Amino acid sequence: MTAEDVSRATTRIAHEVAERNHGLDDLVLVGLQTGGVPLARRVADALETAYGQSVPVGSLDVAFYRDDIGLRPVLPEAVTNIPWDLTGLTVVLVDDVFFTGRTVRAALNALADHGRARAVQLAVMVDRGHRELPIRPDFVGKNLPTRRDEMVDVSESGVMLGDVVVK
Amino acid sequence: MSELFLAGGTVLDATGSRRAHVRVVDGLVAETGEGIEAGSGARILDASGSIVCPGLVDLHTHLRQPGNEEAETVESGSRAGALGGYTALVAMPNTDPPIDSAAVVRQVLELGRFSLCEVAVAGTITVGRGGERLAPLGEMADLGVRIFTDDGAGVQDGRLMRRALEYALPLGVVLAQHCEDAALAAGSVMNEGEWSSRLGLPGQPAEAEELMVMRDIALARMTGGRLHFLHLSTTASVAMVRAAKAQGLAVTAEATPHHLALTESSLSGYDPNFKVNPPLRTERDRAAVRRGLADGVIDAIATDHAPHTQEAKEMPLDQAPPGMVGLETALAVAHTELCCGEGPVMAVADLMAALTWRPAAIAGLRARHGGPVEAGRVANLCVFDTTARWRVDPELMATRSRNTPFGGRELIGRIRHTIRAGEAVVIDGQAQR
Amino acid sequence: MTSLLAVEDLGARGIREVLRLTDSFVEVSERAIPRVPALRGRTVATVFFEDSTRTRLSFETAAKRLSADTMTFSVSTSSVNKGESLRDTVETVAAMGIDAMIVRHRSAGVPWQVSRWIDASIINAGDGWHEHPTQALLDCYTVRQALGGDDPFPGLRVAIVGDIKHSRVARSNVAAFSALGASVTLVAPPTLLPPSLEGWPVEVSHDLDAVLAETDVIYLLRIQAERINEALFPSLREYASRYGMTRERAARLCPSALIMHPGPMNRGVEIAAEVTSLPNSLITRQVTNGVAVRMAVLFRLLGAAEASEALVAHV
């Protein structure tokens, strides 16, 4: 995907979110650290541009909720910032890449500690396949089948695939 | 008639060194020489490539019996000694009850009658090692006791020590001192200095030993008494003994293998196997002790073999009792540290002097121990391979206890055979009973 | 790194990682439900041979907030304090299946001995006079939190005042603050300093008043009254007059200077009662931060694996 593709997809996701939820009331965006946070911000900007409504944005690091603690590097990269009680709100989780689904599952566990959300939806820029849990995104920028060992890098300048080189 | 034939070795004793076989008949050395032959029925022990020398004499062994038999007995300690090349051990009197009367002297002598080493007994200087009243030195001397010490502690009272030196004069005995000023050393766990500060442990300064060395040299000068300093460990202690000897005083001194080999940094892992009194000191002190031995200022190497049960040595460092076993490793450690590697400090002949005839003289055992290896003398000998490399395995030691600081260390030099009064008590490194 | 026995086990990098990690756990602790499942299924045993309700509770709370199971052994009976069956006690606890053991003992070196006997991660919660690593970490964190930013330590002037010789808190703090680049000055009468400061990255002063105006963080240690019997100082009164942080001395500190104490405090001796509640006193925050810092340590030992560096090459 090019930068333009990403930008268009972001706007489309924003519209889909608003459409599905019949507006933006009682809705918050929560970006998953780290790739989902800037994307959540850009979706919020797109929503503000399109609908003139400011949607609160928070961030969530799932390091403490992963199911593979002790097996992989899991130091949190940034602090979680969810300064509201989520009870009764619709939460749209935002991440850059959807892969096995385990990060989202961990995010669902984490969200539960912040209150009982009315609904949780998932928006991702890229779904790269290889799902391992019965979780799927509600809003997708692009479906991009990949090999398991490929890396997917999403940014404002586009989406790139590469090989992982472990130092 | 029973005969042993030690074949092909190099005999080393106070007269020098020479290639020679050694024939032992009925407990005595019968003849030595390159051309002699074994009698029929003789048991032949190979000594080729090895040194044949007088059996080692330890001035300072804790056999723990009576009173602490879980840690060691006269029998198990003697076996450990024999495996280390020793044929005579001086048993320290801080047993329970202490050896402060003829009765306990007799008891320990009896325990040692059939042991693999000859057990000589040291008596206490004060009753119960309490530091207050003189023990019956004369009564014990009549039973053959030649060394008296309150070892485990020093005699704190200067007046009492003076009286002891004076009283002992006509007895032909030597008083041995564990130099440690109790007040300065109180509560200590290691040497005071850089390492104790880093590790957060209470230490005793070198002065705790040196003050008593200084005092006792003055008392020896004043009384003319014979004095032996146990386990010297500091630079100034060695210097003071050097000066005292230069003035012709009748003082002698010993040092342990662990003070030759180790320093206070060994405590960094808080392993109680490195806790000992006097404590392991600085690198500078270690060098001074080695030099003192090489110069002859320190007359003998003595093990201060101090067995403690595993439970005792698994206590927290500050509660664990001090002490290390050493009979089975003494010769090898001293040889490795002093005669091997780059810049050896001592010739093997001088090392053997410090382990055999010099301690034998101090202990009054020259009649039967310390050589020379010549016809007519009691056959207390050992065969020492100076090139054998081996690794110390505490689990394989004969001593009942396991508290060695040398576990896993590679050493150069090993005892092959030990002959005690003509009996081969150790053959090829195995105790025969 | 499987155990935390001394501050030097972490190194400067490790200390900084723990401090950053603590930010996350401070956030967790402020939630309505201050709990994460990070150490679910792990078992943490606190084995305290020396009494300290506060530190023990701090560790247990930290473990529980990480969803670990906890076991508590407060072994202050005299028979065990005599060293009987130290190994037995520790091996019995370990045999119940634990992932980490937190050990406090009045004898220096016990955590090292324990680590040779059992397989679990060991955390030193204080060994005699020697070290108390998590105290130093929470002290560093509290300073970082008060001054703001990620790394306020380089060039920071820290003065530690009091019975350095017998203080594990002092030893650990010297190691931690200096590893992070702060400069440390020890202030004490000669009898309360270790016999040798060879190799210690510190300055020394016997004059607290001379040091006051040039200190950014002043750290006061508890003076134990029993020390008088060892001829270390003549009286508490004389100690307080020469080395106590009185109201008057506090007024002579830089306005931005921070006052710290590991607790418990002897009010009127090393610190005046009024000083403890001054605005630049961090003492209460030290206590509060203890749980979050210990969560970070437990998580780092039992949760986080070493991060491997990954390079992405674009196709």
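**Figure 1. Contacts between the chains of the predicted model**. Two pairs of chains touch, and the pair with the most contacts is chains A and C. Chain A and chain B do not touch. The nearest C-alpha atoms of chains A and B are 28 Å apart.

**Figure 2. Overall form of chain B**. Chain B is built with 14 helices and 21 strands. Its radius of gyration is 21 Å, close to the 22 Å from the globule rule for 433 residues, so chain B is as compact as a globular protein of that length. Along the principal axes, the C-alpha atoms of chain B fill a box of roughly 65 × 45 × 45 Å. Of the 433 residues in this chain, 60% count as buried. Among contacts in chain B with a separation of 6 or more, 75% are between residues 24 or more positions apart.

**Figure 3. The two domains of chain C**. The domain assignment places residues 7-131 and 288-302 of chain C in domain 1. Residues 133-287 of chain C form domain 2. The C-alpha centres of domain 1 and domain 2 of chain C are 25 Å apart.

**Figure 4. Where domain 1 of chain C touches domain 2 of chain C**. On the side of domain 1, 22 residues are in contact with 23 residues of domain 2. The elements giving two or more residues to this side of domain 1 of chain C are helix H1 (11-29), strand E4 (121-127) and helix H12 (283-302) of chain C. By class, the side of domain 1 of chain C that touches domain 2 of chain C holds nine nonpolar, nine polar and four charged residues.

**Figure 5. Helix H7 of chain C, residues 168-179**. Helix H7 of chain C has twelve residues, which at 1.5 Å a residue should span 16 Å; the end C-alpha atoms lie 17 Å apart, in agreement with that value. The expected span uses 1.5 Å times one less than the number of residues. Is H7(C) mostly covered or mostly uncovered? H7(C) is mostly covered, with eleven of its twelve residues buried. The buried residues of H7(C) include two arginines, C:Arg168 and C:Arg171. Also buried in H7(C) are C:Val169, C:Ala170, C:Ser172, C:Asn173, C:Val174, C:Ala175, C:Ala176, C:Phe177 and C:Ala179.

Definitions and conventions. Residues are numbered from 1 along each chain as its sequence is written. Chains are lettered from A and ligands numbered from 1 in the order in which they are written. This is a predicted model: local features need pLDDT of at least 70, side-chain atom pairs count only at pLDDT 80 or more; totals for chains, interfaces and linings use all residues. Domain bounds come from an automatic or database domain assignment. Two residues are in contact if their C-beta atoms, placed from the backbone, lie within 7 Å. Helices (H or I, at least four residues) and strands (E, at least two) are DSSP runs, numbered from the N terminus. Ala, Val, Leu, Ile, Met, Phe, Trp, Tyr, Cys and Pro count as nonpolar, Asp, Glu, Lys and Arg as charged, and the others, Gly among them, as polar. The radius of gyration is taken over C-alpha atoms; the globule rule is 2.2 Å times the number of residues to the power 0.38. A residue is buried if 20 or more other C-beta atoms lie within 10 Å of its own, exposed if 12 or fewer, and partly exposed in between; C-beta atoms are placed from the backbone.
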